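I opened this model to look up its folds, its chain contact and a few single residues. My entries follow in the order I made them.

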Amino acid sequence: MTDWLAEYMPHWAAVLVAAGVAAGVLVSFVGLAAFLYIWGERKVSGRIQDRLGPTRVGPFGLLQSLADGIKLITKEDTAPDGADKFLFRIAPYLAFVASFAAFVAIPFGAGLVAQPVSTGVFFVLAVLSTEVFGVMLAGYASGSKWSLFGGVREAAQVVSYEVPRSLCVLVPVCVLGTLDLTKMGQQQAGGFWNWIAFHDPFNFAAFVLFFVTATAGCKRAPFDLAEAESELVAGFHTEYSGFRWSVFFLAEYASMFAVSGLAVLMFLGGWHTGFLPFEPTEQFGFWGGSALNAAVFVGKCSLLVVVMMWLRWSLPRLRIDQVMMTCLKYFLPISCGLLVGVGVWQLYLHPLIGLYTKYVLGFGTLLFGLGVFASLFTPKGVAPRRELEGVWAKV
Amino acid sequence: MNLTVVLFAVLAAVTAASAVGVAASRSVVRAAVWLLFTLIGVSGLYFLLGAEFLGAAQLIVYVGGTMVLMVFGVMITNQGPFAVLRTKPVEWAVGGVLAGGLFVLLATASLNLVSSGKTTDDPLPGISPIGLSFLGVEDGGRSYLLPFEVVSVHLLVVLVAAAYLARAKRRVSQVASGKEQGTNKEDTRQEQGVTP
């Protein structure tokens, strides 16, 4: 894009315009994604709790986030008297900037990346690891003990979960041999059995473990100890109101999408559909193919985000000691074992066994997914007399 | 005056201004936030130079690790609401002299580098040649893997030892010598570091 713009204007202006366009597209994407995910979260939680969720604003309540946004912007932006005002004010923006900067290196398709970074995985992990700073600062600067507890918990939890998360990232890196996210996606072209998650049992386990640790890293339930409302009022954002409060949630949904994108690129074939026998960019031209690629990538990421929501509304919150114990006593040794295991697998295994494993894992997962999907259509029981229909309703 | 120079000037100004903020602010956590901006500015300079790995490593080690632990420590240990440092005039003088000396040293070193013409515009090789030469794949099979591993295992031993020294002391001695508990209660308390 810079080269194309450089024909019309000086090079420095072309670089600035290209950077501005990329940043603008990413900001709008993050905003829109958060808009829809917040609606989705409320719908998912509603359905899981046998309610309808938002229905009033717009079709299916789709504009609920807009109504929420208007409400939040018009709310008074207060800061408590005992707070460190400067830190209190910048904390939400620190959190958001960190999770937004990760999008710079995430490719949405072959060549669809704001700035190709040769060590993309490492860059994204590094940038996402700075998000915790905003949350901690919010907890500290609020001048409230509930916020302080939330911030301390967040720091302990996120710093601990970074270790198994990074070790899980190394497992596919051992197979792919690159840290470049675009190259990672390109290597998983072809059938879905070529996806790294199905490459061997260790990568399959690493995918699950990465997803769990990434959920914890985004402070999502069941790991949302930083805002445990049953214990800490609202944790680190107790004292926040209005726009700044919503920026925290923008950051949370952005980082959920970012870690899902990382998981999709490393384990789930990136922007490849997994069944098309050709490359979309070669068949439909660059823009058509890239649109398909980006749609597939965003679709896969959204699927993972929906799974995170599903987990949030299904599982009870862990205690803080359970959270730390799960990380340090179980996830850390397991991820070390996976790293050793994938090394042995890559070095000493007969290629034929590797091929069969791919097919077994790939098609097994597909069949399992289809089975779960089919189970949605089995007839449900009938509601008892004089009861509302609810979960017993026939579909 | 091209874009790189302008970007360098902006990043360097942000880095330097935040560094002054670190020295000038009294609140520990505010100083930490200024230091955060300094470190982000330095990693921005690395990115500007094309050293992506170094920039990301700067972020993950200092911002995601060290700074978080520092603020975490302040949050855990602080008695009042906000920790404040009072700098004595002597400390200002010593710190100022040290900083000035370091600045002169670095400035002369970098100016010498410019005048000796050692600056090159070679495209940076990235991280993979370094990794391969660690493994001895390139560079005629001369491997640096063993010294690297020795250093890393040494670091691990140091970390385990630090965790061992810093762990909460159990009341093993009291259970073992239950009779003496009444007589030298103060001594055992002092040993265990428990403040009454």
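**Entry 1: ground rules**

I began with Ile106(A), which counts as buried because it has 24 C-beta neighbours inside 10 Å. My cut-offs: buried means 20 or more other C-beta atoms within 10 Å of the residue's own, exposed means 12 or fewer, and partly exposed lies in between, with C-beta atoms placed from the backbone. This is a predicted model, so local features need pLDDT of at least 70 and side-chain atom pairs count only at pLDDT 80 or more, while totals for chains, interfaces and linings use all residues. Residues are numbered from 1 along each chain as its sequence is written, and chains are lettered from A and ligands numbered from 1 in the order in which they are written.

**Entry 2**

I placed Ile106(A) in the loop between α4 (85-101) and α5 of chain A. Helices here are DSSP runs of H or I with at least four residues, strands are runs of E with at least two, and both are numbered from the N terminus. I then listed contacts, meaning C-beta atoms, placed from the backbone, that lie within 7 Å. Beyond its neighbours within four places in sequence, Ile106(A) touches Val113(A), Val124(A), Leu181(A), Ala258(A) and Gly261(A). Gly261(A) is 155 residues away along the chain, yet the two C-alpha atoms are separated by 7.3 Å.

I turned to Val124(A) next.

**Entry 2: the core**

Which residues have the most contacts inside the largest nonpolar core? They are Val124(A), Leu137(A), Ala258(A) and Ala263(A), in a core of 129 residues. Helix α10 (residues 242-267) of chain A gives the most to this core, with 16 residues. For the term itself: a nonpolar core is a set of buried Ala, Val, Leu, Ile, Met, Phe, Trp, Tyr and Cys residues joined through C-beta atoms within 7 Å.

**Entry 3: chain A overall**

I counted 13 helices and 0 strands in chain A. Its radius of gyration is 22 Å, close to the 21 Å that the globule rule gives for 395 residues, so chain A is as compact as a globular protein of that length. The radius is taken over C-alpha atoms, and the rule is 2.2 Å times the number of residues to the power 0.38. The C-alpha trace spans about 75 × 65 × 45 Å along its principal axes. Of the 395 residues, 45% count as buried. Among contacts between residues at least 6 apart in sequence, 75% join residues at least 24 apart.

I checked confidence too, using pLDDT, the predictor's confidence in each residue from 0 to 100. The mean for chain A is 83, and 95% of its residues reach 70 or more. Helix α1 (residues 2-6) of chain A is lowest, at a mean of 69, and helix α9 (residues 201-217) of chain A is highest, at 89.

**Entry 4: chain B and the contact**

Chain B has 8 helices and 0 strands. Of its 196 residues, 14% count as buried. Among its contacts between residues at least 6 apart in sequence, 42% join residues at least 24 apart.

**Entry 5: helix α6(A)**

I found 11 of the 11 residues of α6(A) buried, so this helix is largely enclosed by the rest of the structure. The buried residues include Phe133(A), Leu137(A) and Tyr140(A). Their cover includes α4, α5, α7 and α10 of chain A, together with α2 (28-48) and α3 (52-77) of chain B. Just after α6(A), Gly143(A) takes a positive phi of about 70°.

Most residues other than glycine have a negative phi. I noted Phe60(A), with a positive phi near 55°. Phe60(A) sits in the loop between α2 and α3 (64-74) of chain A. Is Phe60(A) buried or partly exposed? Phe60(A) counts as partly exposed because it has 13 C-beta neighbours inside 10 Å.

Lys219(A) also has a positive phi, about 50°, although it is not a glycine. I located Lys219(A) in the loop between α9 and α10 of chain A. With 25 C-beta neighbours inside 10 Å, Lys219(A) counts as buried.
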